[in-house]
Number of protein chains: 2
Amino acid sequence: MNSKLKVIKDPPSKDELSNRLEKVRLLMEEENLDYYVVFDPINIYYLTNFAFYVHERPFILVIPKKGIPKMVIPLLEKGHFKLRAISDLEFIHYYEFPAPEGENWFDSYRKLLENNARVGIESTMPMGIAEKTLGKIIVSDIVDKVRLIKSDYEIGRSVHACRVANKGHKKLLKICRPDVMLFTIFQEVSQVMMTKIIQDIPNVNHYATSTLGAVWPPSMSHDPHIVPNVFQKMEEGGPHVSIIQIQVDGYGVELERTFFLGFIPDEARKPFEVMFKARALAYDLAKPGTIMSEIDKKVRKFIYDKGYGDYIIHRTGHGFGITNHEAPYIAEGYDHKLEPGMLISIEPGIYIPGLGGFRHSDTVLVTKDGNTKLTKAPEELEDVIIPL
Amino acid sequence: MNSKLKVIKDPPSKDELSNRLEKVRLLMEEENLDYYVVFDPINIYYLTNFAFYVHERPFILVIPKKGIPKMVIPLLEKGHFKLRAISDLEFIHYYEFPAPEGENWFDSYRKLLENNARVGIESTMPMGIAEKTLGKIIVSDIVDKVRLIKSDYEIGRSVHACRVANKGHKKLLKICRPDVMLFTIFQEVSQVMMTKIIQDIPNVNHYATSTLGAVWPPSMSHDPHIVPNVFQKMEEGGPHVSIIQIQVDGYGVELERTFFLGFIPDEARKPFEVMFKARALAYDLAKPGTIMSEIDKKVRKFIYDKGYGDYIIHRTGHGFGITNHEAPYIAEGYDHKLEPGMLISIEPGIYIPGLGGFRHSDTVLVTKDGNTKLTKAPEELEDVIIPL
């Protein structure tokens, strides 16, 4: 990992993808696997640069321990696949789902494996695919494991995605005023981000791109996973919580802030301060070598000790990569060490029904010595009280 | 099924959802299942009205053969779940993914099943969930089977979704002119549809709503699954193919047309005519009692006999329901009978590299006597040559 943070907007090189495959093969060797079968679209994208929606027609990547990986795709996707896949692959197409006898996806798929082979699969593989898989099946998420540590290229792409998030958030704070509808914010912020995305990456892959820019007003900010009514309006005071969650041409990041319009209610000062200090503690702890569950445990203890333990409803953070929600997890129960090149959120939160939610979230790179925030937006209390 | 087609925009009643559950239980009885476990978010939405994204935190619905179904959800979704779920359910929350020992999703999940029970699961269930499932596992897609035949309520919702599609398509044809960018069309058409959606259903569920309005210009209309560059422009002539694919508060439909700007190139006349007649044949055949694979076989034969067999790249149609791509399939290999209350696309296509694609697609209800198109847009050649 290079310490200089460049913005990268180009598609991955063949070498970048070969390196990823090489890492998968090292883990295959460790587990003595003859084949690894990749079904999860996220993992296929990671290894090939080819993104797609799965309806009922399966796409399956079969990696033998040696030789060129083979990909089973529906006929309808041949052109799309040739245009976007970058890695060295042989592809085999089947006609349709379903198809006349002998022309189904599993007819092609089963030819690529052997009965007495050791075949690794993902824990996300659907039963219906696993049932058609030949060989001795071993469930092992080795692509997910490789994805944990980012290459310089991936970091560069994430830095770019964060620039998009920063721009969206700046717009969001600019147009947030009492009585502005959630729908307006959603539309305007998404548009700013999408415009930057297509300007920066004209040939962006829309299958690997999404933009969410929203605000949870005080009446619902205590419930971060609710679906708001878009006609709901901003109000004076707070806490409001902003949410930017995006995937930019295959790279997912997020940026979230607790903020106030005009003034901060007195009863919001203490929970804001506790959240802010819990967050500072998490940043202090987020260093290579620290066990992630320990960070969560200490951060939760801090919040408990300040009297807000009943208002914790989620872990301290999660990973980013292709998606904006993936391993590693800064969570009790996740007893692995942080390593340089991991990309995580740091977002301890306090959620008080009747008062609101308190959470700042950033996309943070774990470095050799500690961590660096890739997203940027006001943080300190005086900077998140927006003057009216 | 009522023959009068009403527009319905309201959420489902408890009775509607109980009827769905009752049908699932009838199939459970046929297969002698003690429990059926639902993991697919689409099926959970169908049975509960609760929609969500699955990241790594599982949501699992366990239906016992008698008594109230139980749903395992993450703590973070408690408020969201209470707000949207309509059916009678008990819910059990777990703390997080991952979580301290004893507080993980599988700790809650495993308490709901027994070792010696017969437990039905979906073919889409991920291996990692199946591995934690107690009992004798039987893979059987019974919720998908129930979803095949629509209730009057579902038809009314789909009729509404088609009105949104019709409006979007009208706008699309209105703004399609040579040199207009794909991005403009995408944005304007999506906006018209989204505006109608939130006007009609202010409390729309955004987790179950999406709008795609796009045009494939002649240079790429032969390749319907490619991802276009949004800066690409409309051209004089054609064939262009329009694509409206939407999910409106949980109901998916589509509307697609082959059209021409200003004039039709001579070499496009014959393939258009063959597509048009193949489509008429499919409509003639689409009646209750007909085997779906037979329709596809006859339609393909018609296109083959006219000399375009090499340019068929997909089946005649697929089903709609919650999604805009699901069973049943009008496809060779799918040897089931059409039944009243099924909702399908009829869209035989011809795709000629260098010339373009030819496909009209509609959302079509199978009725007692035949079928009714729910979507509406110009069809005849003279109506799809847009004067400039």
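Domain bounds here come from an automatic or database domain assignment. On that basis, chain A divides into domain 1 (14-146) and domain 2 (152-386). The structure is a predicted model, in which local features need pLDDT of at least 70 and side-chain atom pairs count only at pLDDT 80 or more, while totals for chains, interfaces and linings use all residues. Residues are numbered from 1 along each chain as its sequence is written, and chains are lettered from A and ligands numbered from 1 in the order in which they are written.

Within chain A, the C-alpha centres of domain 1 and domain 2 are 34 Å apart. Nine residues of domain 1 are in contact with eight residues of domain 2 (two residues are in contact if their C-beta atoms, placed from the backbone, lie within 7 Å). On the domain 1 side, helix α2 (residues 41-48) gives the most, with three residues; helices (H or I, at least four residues) and strands (E, at least two) are DSSP runs, numbered from the N terminus.

Turning to the pair of chains, 47 residues of chain A are in contact with 47 residues of chain B. On the chain A side, the elements giving two or more residues are α3 (78-84), α5 (127-130) and α8 (182-200). Because 100% of the interface residues of chain A are also interface residues in chain B, the copies meet through the same surface.

Chain A is superposed on chain B by a rotation of 180° with 0.0 Å of shift along its axis (RMSD 0.0 Å), with least squares applied to the C-alpha atoms of residues with pLDDT of at least 70 in both copies. The two copies are therefore related as by a two-fold rotation axis. In chain A, the C-alpha nearest the axis belongs to A:P126, 2.1 Å from it.
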